[in-house]
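Please look over the sequence and the model below before reading on. The text then goes through a few places in turn.

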Amino acid sequence: MALGAKLKQSMRLLRVILVGLLLGGASLAASQAYAAMRPEAEATMAPGTPAHEEHGLPQHAVEIARPFGFPITNSMVVTWIVAIVLIVFAQVSTRRMKEVPEGAQNFWEWMVESLYNFLEGIIGHHLVQRTFWFFASVFIFILFANWIGLIPGLGTIGWGHQTPNGFVIDEPFFRGANADLNMTMAMALVFFFCWIVWALREVGPIGFLLHLFAPKGETTGALKLLMIIVFFAVGCLEVFSILFRPVSLSFRLYGNIFAGENMLEAMGKLIPGLGWLLPIPFYFMELLVGFVQALVFMLLTAVFTMLICAHDEEPGKAHH
C-alpha cells in the first residue's frame, strides 16, 4: 500500500481514538456532577424514610468504583470496553494490508466503503471527505455499543444481596453505554462542537450569520423590508432549534435504548421459569433497533451538517 494511503489510514484511526477520549471525558464529567449532587439529595430525606425502590433498569448509571476521587460507572466501563475492542480490531485488521483483502481486513474495508458511499450520496463528495471520520466513528461506536449491551447476562454480574425470592443485583458491573444519558449527551455535544467548526470553516462567520438571518429570494421596496424582518424572526427561531439539537439527539438515542433494555428485563421476569425463553423474540427486535438508532443518529448529524455546509458539486466530481 502506498505511503499516503497508510498515513491517511493512521490519521483516521487517531481521530477515532480522539473521539473516544472526548466521549469518555464528557461522560466522566457528567457522572461526576451527578455523583456530587446525589449525597446532598439523600441528606435532605427525612430520617427513617425508605429509599425509593426502582423496578427494572434504573434511570441513572450505578457508580461501581471511585479511584483517586473519580467516579466510574457501569456504563463507562462498557463504553471503554467497546472503544478498546473497536480500536484493537481496526489496528489488527489493517496492520498488514493486502491488495486482495480477506478476513478482518475485508470486513473492515466493506463497512467503511459502504458507509462512505452512503454518506457521499447524501452530503456530497466535498463534505464527506472532511467529515466522514466523525460520522463513521459515531455510527460504528453506537452500533456495537447497542449490540454489546444486549449480551444475555450482562446486567446480572455485580454486587447484590440474597432475598427470599433469590439473589438480587444492587450494583451491576455493566450497563449499556447508550442507556446512560451522560453518554448520549456527550456524543451530541461533541457533534455540536464539530458542527460549529465545520460551519465556520466552510461558509465563514459572515456566511454563517447570512445563512441564519439573511432574506432569501429577490425582492424590492417595502416587500424587501418586510422580508428582512420575517427572515430575522425565522433566524431567531432557527437559533433555538440549533441549540435544542443536542438535547433531541441525546434523548432520542437514550430513550430508545433504555426502553429496549427495560422491556427485555420485564420479559425475563414476566413468567417465572420462562425468563430464558420470552425475551428471545425481543432480542432480535432490539438488534434491529440498535442498528436503526445508530443509523438515525448518523443521518441526523450528517443532514444537520449538510444544511449549513452544503456546496454545489462541480460537474464530474460528485463521484469517483
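What follows is a short walk through selected helices, a loop and some aromatic side chains.

The model is predicted, and the values given here are computed from it. A place to begin is helix H2, which covers residues 74-93 and includes Ser-93. Ser-93 has a relative accessibility of 5%, and because buried means under 20%, Ser-93 counts as buried. A polar atom of the Ser-93 side chain lies 2.8 Å from the backbone oxygen of Phe-89. A polar atom of that side chain also lies 3.3 Å from the backbone oxygen of Ala-90. Leaving aside residues up to four places away in sequence, Ser-93 touches Ala-104, Gln-105 and Trp-108.

The loop between strand E1 (63-65) and strand E2 (72-73) contains Phe-68. Is this residue buried or exposed? Phe-68 has a relative accessibility of 82%, and since the cut-off for exposed is over 50%, Phe-68 counts as exposed. The backbone of Phe-68 has a phi near 55 degrees, a positive value in a residue that is not glycine.

Helix H4 takes in residues 125-148, which is 24 residues. At 1.5 Å a residue, H4 should span 34 Å, and its end C-alpha atoms are 33 Å apart, so the two values agree. Most of H4 is covered, as 18 of its 24 residues are buried.

The aromatic side chains come next. How many aromatic pairs does a search of the whole structure find? The search finds 16. In one of them, Tyr-254 and Phe-258, the ring centres are 5.4 Å apart and the planes meet at 20 degrees; because planes under 30 degrees apart count as stacked, this pair is stacked. Both residues belong to helix H6 (residues 221-270), where Tyr-254 and Phe-258 are 4 residues apart, about one turn of the helix. Tyr-254 is buried, with a relative accessibility of 10%, and Phe-258 is buried as well, at 14%.

Ring pairs also join Trp-133, Phe-134, Phe-135, Phe-191 and Trp-198 into a cluster. Another ring, that of Phe-304, has a charged group over it: the charged end of Arg-245 sits there, 4.2 Å from the ring centre.

Technical notes. Residues numbered from 1 in each chain as written. Predicted model: local features only at pLDDT ≥ 70, side-chain atom pairs only at ≥ 80, totals over all residues. Heavy atoms only, no water. Helix = DSSP H or I, 4+ residues; strand = E, 2+ residues; numbered from the N terminus. Buried < 20%, exposed > 50% of the residue type's maximum accessible area, 1.4 Å probe, protein only. Polar contact = N/O pair within 3.5 Å; in protein donor to acceptor, adjacent residues only side chain to side chain. Contact = heavy atoms within 4.5 Å. Expected span 1.5 Å × (residues − 1). Phe/Tyr/Trp six-rings, centres within 6.5 Å; stacked < 30°, edge-to-face > 60°. Lys NZ or Arg CZ within 6 Å of the ring centre and 35° of its normal.
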